[in-house]
Amino acid sequence: MIEFIKQLPKAELHLHIEGSLEPELMFKLSRRNNIEIPYKTIDDIKKAYNFTSLQSFLDIYYAGAKVLIHKQDFYDLTWDYVLKCVENNIVHTEIFFDPQTHTHRGIEFKTIIEGIQEALNDAKEKFGITSAIIMCFLRHLDQEDALKTLNQALEYKKYILGVGLDSSELGNPPSKFEEVFKKAKEKGFKLVAHAGEEADVSYIFEALDILSIQRIDHGVQSYKSDELMQRLKKEQIPLTVCPNSNIELKVFENYSQHNIKKLLDYDLNVTVNSDDPSYFKGYLNQNFINLYENLDISEEDIIKLIKNSFNSSFISESLKKQYI
Ligand code: ES4
Ligand code: ZN
């Protein structure tokens, strides 16, 4: 079964590129750019990855991203993930980046987007991997800042397929970003948002009804509302579920408590993704393997989950047909 999982071509729809920063590259960049990090060794970094909640992770994740300064750093970060795609047989990936994490430190928008885009171009050329970039607004910041970021992005619109919403969920509901999502929609961006990772179903309703999003990132709290479950099933709204992430951030106590199999059996449009794989103990294959080892997931389930990912991706219908 593990071999079966590894050899299947897959798509990934929920991956924060900053969350694929491996301790080895963090260490190397901290030296290359002379940026201090609060760790003496690579082992120290790994030991710090012990989270109790989303916020406890975000504090460490934002601190780690400070080593990214030059275009080459964003290229190296993205290229390392591309090599993981090859290893995991990921043939299509839609990656998130958080511009504000970097622009707030004085890094130019152009530096970030060009570094990422060049690595993705090389991924297409060298390995045939197709991809898209989704820019996420940080929800702990205000809407004014998100609007500024959207304006900065317009110059690079050809590289950015969609916008999303991430960071500290509790206390920062989707409705806080109504205007910026409306503007992004007018400009033709695809729309997604993290919702129902830690917060209750009202955040998912808001993301759907106020932001008009096309995919829900996480959404594992949906099971708390029958009304929502029925709607998600009927409209086949994709959920980009990240099992390892949910376990590492204590959304579920342990793997056997994870509800992905229940969501799948209810016929929701569920997909499997790695979120921040460097921080959450494994890339996409490892997420599938953990599901198989803990949740009685069948071969049929795995095929369904992977088909859901291709179907829910933002690629053209003709490319979808090639992949499925
Ligand atoms: C994130 Cl797991 C998760 N949730 C919300 N925001 C994020 N940014 C990076 N990973
Ligand atoms: Zn995420």
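**Briefing on the predicted model**

Leaving aside neighbours within four places in sequence, Glu197 is in contact with Leu54, Glu169, His218, Val220 and Val251. The model is a predicted one. The notes below begin with the annotated positions and the ligand, and then turn to a helix, the nonpolar core and selected residues.

**The annotated active site**

- In an unreviewed UniProt entry, the annotation "active site" covers Glu197.
- Glu197 is placed in the loop that runs between strand 5 (190-195) and helix 10 (201-209).
- Glu197 counts as buried because 24 other C-beta atoms lie within 10 Å, the cut-off for a buried residue being 20 or more.

**The annotated binding site**

- The annotation "binding site", also taken from the unreviewed UniProt entry, covers His14, His16, His194 and Asp275.
- These positions are spread over 262 residues of sequence, yet they cluster in space, with a largest C-alpha distance of 11.8 Å.
- His14 belongs to strand 1 (residues 10-16) and is buried, since it has 30 C-beta neighbours inside 10 Å.
- Not counting residues up to four places away in sequence, His14 touches Asp217, Thr240, Cys242, Asn273 and Asp275.
- Asp275 sits in the loop between strand 8 (270-272) and helix 14 (284-295), and its 29 C-beta neighbours inside 10 Å make it buried.
- With residues up to four places away in sequence left out, the contacts of Asp275 are His14, Leu15, His16, Gly19, Cys242, Ser245 and Phe280.

**The surroundings of ligand 1**

- Which residues surround ligand 1? They are His16, Gly19, Leu54, Tyr61, Asp166, Ser167, His194, Glu197, Ser245, Asp275 and Asp276.
- Sorted by class, this shell has two nonpolar, five polar and four charged residues.
- Glu197, which carries the "active site" annotation, is among the residues around ligand 1.
- His16, His194 and Asp275, which are among the positions annotated "binding site", are also included in the shell around ligand 1.

**Helix 4**

- In helix 4 (residues 54-64), the buried residues are Leu54, Phe57, Tyr61 and Gly64.
- Viewed down the axis of helix 4, these buried residues fall within an arc of 90 degrees, so they line one face of the helix.
- In general, an α-helix has 3.6 residues a turn, so residues three or four places apart point the same way.
- The buried residues of helix 4 pack against helix 2 (23-32).
- Leu54 and Tyr61, which are among the buried residues of helix 4, are also among those that surround ligand 1.

**The nonpolar core**

- The largest nonpolar core holds 87 residues, and Ile116 and Ala207 have the most contacts inside it.
- In soluble globular proteins, nonpolar side chains tend to be buried together.

- Ile133 is part of strand 3 (residues 130-138) and counts as buried because it has 21 C-beta neighbours inside 10 Å.
- Apart from residues up to four places away in sequence, Ile133 touches Ile95, Phe97, Ile116, Gln117, Tyr159, Ile160 and Leu161.
- Ile133 and Phe310 are 177 residues apart along the chain, and their C-alpha atoms are separated by 16 Å.
- Cys85 is located in helix 5 (residues 71-88), and it is buried, with 23 C-beta neighbours inside 10 Å.
- Not counting residues up to four places away in sequence, Cys85 touches Ile90, Thr93 and Ile129.
- Cys85 and Ala123 lie 38 residues apart in sequence, while their C-alpha atoms are 9.4 Å apart in space.

**Residues with positive phi**

- Gln236 is not a glycine, although it has a positive phi of about 50 degrees.
- Gln236 lies in the loop between helix 11 (226-235) and strand 7 (239-241).
- Is Gln236 buried or exposed? Gln236 is exposed, because 12 other C-beta atoms lie within 10 Å, and a residue with 12 or fewer falls in that class.
- Asp267, a residue other than glycine, has a positive phi near 70 degrees.
- Asp267 is found in the loop between helix 13 (260-265) and strand 8, and it counts as partly exposed, with 13 C-beta neighbours inside 10 Å.

Key: Residues are numbered from 1 along each chain as its sequence is written. Chains are lettered from A and ligands numbered from 1 in the order in which they are written. This is a predicted model: local features need pLDDT of at least 70, side-chain atom pairs count only at pLDDT 80 or more; totals for chains, interfaces and linings use all residues. UniProt positions are given in the numbering used here, feature names are shortened, and annotations may be inferred rather than shown by experiment. Helices (H or I, at least four residues) and strands (E, at least two) are DSSP runs, numbered from the N terminus. Two residues are in contact if their C-beta atoms, placed from the backbone, lie within 7 Å. A residue is near a molecule or strand if its C-beta atom, placed from the backbone, lies within 6 Å of it. Ala, Val, Leu, Ile, Met, Phe, Trp, Tyr, Cys and Pro count as nonpolar, Asp, Glu, Lys and Arg as charged, and the others, Gly among them, as polar. The arc is that of the directions from the helix axis to the C-beta atoms. A nonpolar core is a set of buried Ala, Val, Leu, Ile, Met, Phe, Trp, Tyr and Cys residues joined through C-beta atoms within 7 Å.
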